[in-house]
Amino acid sequence: MGFAAIVVAAGSGSRAGAGVSKQWRKVAGKPVARWSIEAFFAAGARTVVAVVPASEMETAQAILGDLPGLIMTPGGATRAQSVMAGLAALSPADEVVMVHDAARPFLNSDHVQALLKGLEGVDGAILALPVADTVKREAPGNIETAPREGLWRAQTPQAFRAAPLNAAYAAWNDDQPPTDDAGVMEAVGGVVRLVPGDPLLFKLTYPEDFAMAERLAGAARVTRTGQGIDAHRLGPGDGVWLCGIKIAHDRELIGHSDADAGLHAITDAILGAIGEGDIGDHFPPTDPQWKGAPSHIFLAHAADLVRQKGGTLVNVDVTLVCEKPKIKPHRQAMREKLAEILKLPVERISVKATTTEGMGYTGREEGILAQAIASVETPA
Ligand code: MG
């Protein structure tokens with residue numbers, strides 16, 4: 001079942017501590033709002049709408065603007081108004097919509113699948129946890145114990161059929177703003193099903209929640225490593241492309257694209273780390289559109305695939321093997337170019353060079369070899 005998602009990131013989050021709004025604060029190096037947006041895309045969302053504070057559109061653009069397919073829309077004064085703004089940004093083709101609070105970052109595909117299944121035959125399905133603690137109520141002069149049977153704590157995402165949800169919001173006339181979307185649906189008699197939730201979907205509310213999130217983020221991610229090797233033949237020419245830099249030389253590298261063996265090796269290393277085949281699968285050499293193509297396109301595509309999987313590129317290290325040209329004078333320029341293509345700090349990029357002391361095809365200057373390794377962190 002196709003679905004759209006609305007990630008509500010329009011609050012100021014004042015209880016989470018002073019300074020930046022909590023949806024922009026980082027958990028494990030990644031802004032809170034990005035966690036669930038990336039998770040929705042990884043889970044197959046057709047569209048994701050991020051509802052952001054009207055006064056922070058520029059910040060939102062800087063933090064989320066590179067996510068392909070993301071729609072950003074300004075929110076309202078209340079959560080309900082923000083959800084309605086999100087609904088208005090959807091297309092009529094989006095028949096199923098999930099509404100999610102950005103402050104619950106640890107969303108995964110299993111949650112989404114459980115909701116889609118739970119939505120069968122009803123108007124809405126919500127993730128919720130049974131109340132396990134004994135519940136107390138403050139009373140004058142004492143406390144009293146409240147029955148907890150049948151009580152659930154509602155989480156997000158909450159999944160709905162879009163048409164009844166739109167109708168329910170249009171009909172909402174209570175002075176009190178609703179605290180969740182299921183409440184709006186319930187008010188018009190829409191049938192909502194409870195789906196077992198996940199403690200990991202807790203809401204970041206107080207400063208100490210961020211410390212817990214940092215610990216969980218580390219536990220919920222795995223590091224993967226990939227390697228890539230590429231070689232291209234040398235022929236007559238005026239310079240070689242290596243790691244995105246053209247170095248003047250009396251030869252050039254021969255290949256279908258610009259034959260940048262360095263970029264090809266790094267591209268394969270990244271694809272290897274995420275199990276996405278090799279460069280030829282994504283950019284077949286038989287396809288004329290890649291003839292003479294600048295290889296940074298291939299590398300940027302591999303880095304985008306990592307992000308689409310909710311992953312983060314940790315570092316890359318490439319070794320160029322050739323007698324000539326000398327690489328060392330160009331190393332820093334190569335690192336800076338790779339940093340730009342990969343959107344990584346330059347410290348996370350290493351370029352090394354070696355010779356084979358005259359031995360073999362690199363020694364005879366018949367060609368140049370590149371070998372690379374890349375590490376990525378992805379959701380477990
Ligand atoms: Mg190649």
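At what angle do helix α10 and helix α11 pack, and how far apart are their axes? I looked this up in a predicted model. Helix α10 covers residues 296-308 and helix α11 covers residues 331-342. I find an angle of about 50 degrees, with the axes 9 Å apart.

From α10 I list H296, L299, A300, A303 and R307. From α11 I list L338, I341 and L342. Sorted by class, the contact of α10 with α11 comes to six nonpolar residues, one polar and one charged.

I then turned to the sheet. I traced seven strands in an open sheet, and their order reads β5-β4-β1-β6-β10-β7-β11. I note the pairing as mixed. Which strands lie at the edges? They are β5 (70-74) and β11 (192-196), and each pairs on one side only. On average, I have neighbouring strands of this sheet turned by 25 degrees against each other, direction ignored.

Strand β6, residues 96-101, pairs with strand β10, residues 152-161, in the antiparallel sense. I note four bridges for this pair. For V97, I find F160 as the bridge partner in β10.

Last entry: helix α2. I place α2 (residues 57-64) across β4 (47-52) and β5. Its direction is at about 165 degrees to β5.

Definitions and conventions:
Residues numbered from 1 in each chain as written. Predicted model: local features only at pLDDT ≥ 70, side-chain atom pairs only at ≥ 80, totals over all residues. Heavy atoms only, no water. Axes fitted to C-alpha atoms, helices over the stretch in contact; angles between N-to-C directions. Helix = DSSP H or I, 4+ residues; strand = E, 2+ residues; numbered from the N terminus. Contact = heavy atoms within 4.5 Å. Nonpolar A, V, L, I, M, F, W, Y, C, P; charged D, E, K, R; others polar. Pairing = 2+ DSSP bridges.
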